[in-house]
Amino acid sequence: SACPASQVSYYYDRIKANYDVCDLWRQRALDYMVQLRPDLVIMGSRDYGFPSEQWITGTRAVLKRLSAAARSVVIVSPTPDLGFDGPNCLSREVNLPHWMPHHGRCVTKLGAPANPSTLEILERAAKPYSNVGVLDLTESVCPDKTCRARIPTGIVFRDNQHLTASFVKSLAPVFERALQT
């Protein structure tokens with residue numbers, strides 16, 4: 001849990017120590033992918049606060065091995081943060097009358113991306129590899145830079161950053177179109 005895709009060791013504040021288990025896990029996962037030689041590898045990446053160049057270099061080290069082993073590699077950029085726990089916000093709202101000022105506030109606007117943005121960093125890391133692409137689903141998750149805990153078809157976030165399984169399933173057509181390009 002909580003291991004970066006980038007080949008960078010890091011200090012994990014939750015356990016107050018270096019999270020060395022990630023280095024072993026990543027190495028074994030890469031060894032397995034090289035042995036498996038899949039047609040497609042889909043991986044995720046999240047911002048762990050690494051300096052940009054360290055993150056790019058660490059991601060390239062992973063991509064070097066994966067791109068040589070797989071026909072295609074797709075990096076899914078991180079899910080936007082909702083900024084609050086979606087279900088908790090929705091549960092507070094359920095008993096509020098529509099005329100109360102708090103009603104409908106389980107929404108947040110995305111701010112300007114950090115400089116450089118996570119997407120830029122992942123694109124820079126992927127650039128040397130012709131069979132590696134980056135998939136950004138931000139617009140599908142938070143249309144018009146507005147994240148909602150709930151949309152008419154269901155609940156989007158299961159906490160502040162993870163999407164519900166039902167919402168992820170609804171993204172299948174978007175994901176499929178992106179993989180075809």
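Predicted model: local features only at pLDDT ≥ 70, side-chain atom pairs only at ≥ 80, totals over all residues.
## Nonpolar cores

In soluble globular proteins, nonpolar side chains tend to be buried together. In this model, the largest nonpolar core comprises 25 residues. Met 43, Leu 63, Leu 66, Val 73, Ile 75 and Val 132 have the most contacts inside this core. Two or more residues come from each of helix H1 (21–36), strand S3 (40–44), helix H2 (52–69), strand S4 (72–76) and helix H4. The greatest contribution is that of H2, with 5 residues.

Apart from neighbours within four places in sequence, Leu 66 is in contact with Leu 30, Met 33, Val 41, Met 43 and Val 73. A second, separate core has 17 residues, including Cys 106, Leu 135, Val 141 and Val 156.

## Nonpolar surface patch

Leu 40, Ile 42 and Leu 179 together form a nonpolar patch on the surface, with about 230 Å² of accessible area.

## Thr 118 in helix H4

Thr 118 is located in helix H4, which spans residues 118–126. Its relative accessible area is 19%, so Thr 118 is buried; the cut-off for this class is under 20%. When neighbours within four places in sequence are set aside, Thr 118 is in contact with Asp 47, Trp 55 and Pro 78.

Notes:
Residues numbered from 1 in each chain as written. Heavy atoms only, no water. Helix = DSSP H or I, 4+ residues; strand = E, 2+ residues; numbered from the N terminus. Buried < 20%, exposed > 50% of the residue type's maximum accessible area, 1.4 Å probe, protein only. Contact = heavy atoms within 4.5 Å. Core = buried A, V, L, I, M, F, W, Y, C linked by side-chain atoms within 4.5 Å. Patch = residues over 30% accessible without salt bridge, like charges linked within 9 Å, V, L, I, M, F, W, Y side chains within 5 Å. Areas by Shrake-Rupley, 256 points an atom, 1.4 Å probe, with all protein chains shown as cover. Salt bridge = Lys/Arg side-chain N within 4 Å of Asp/Glu carboxyl O.
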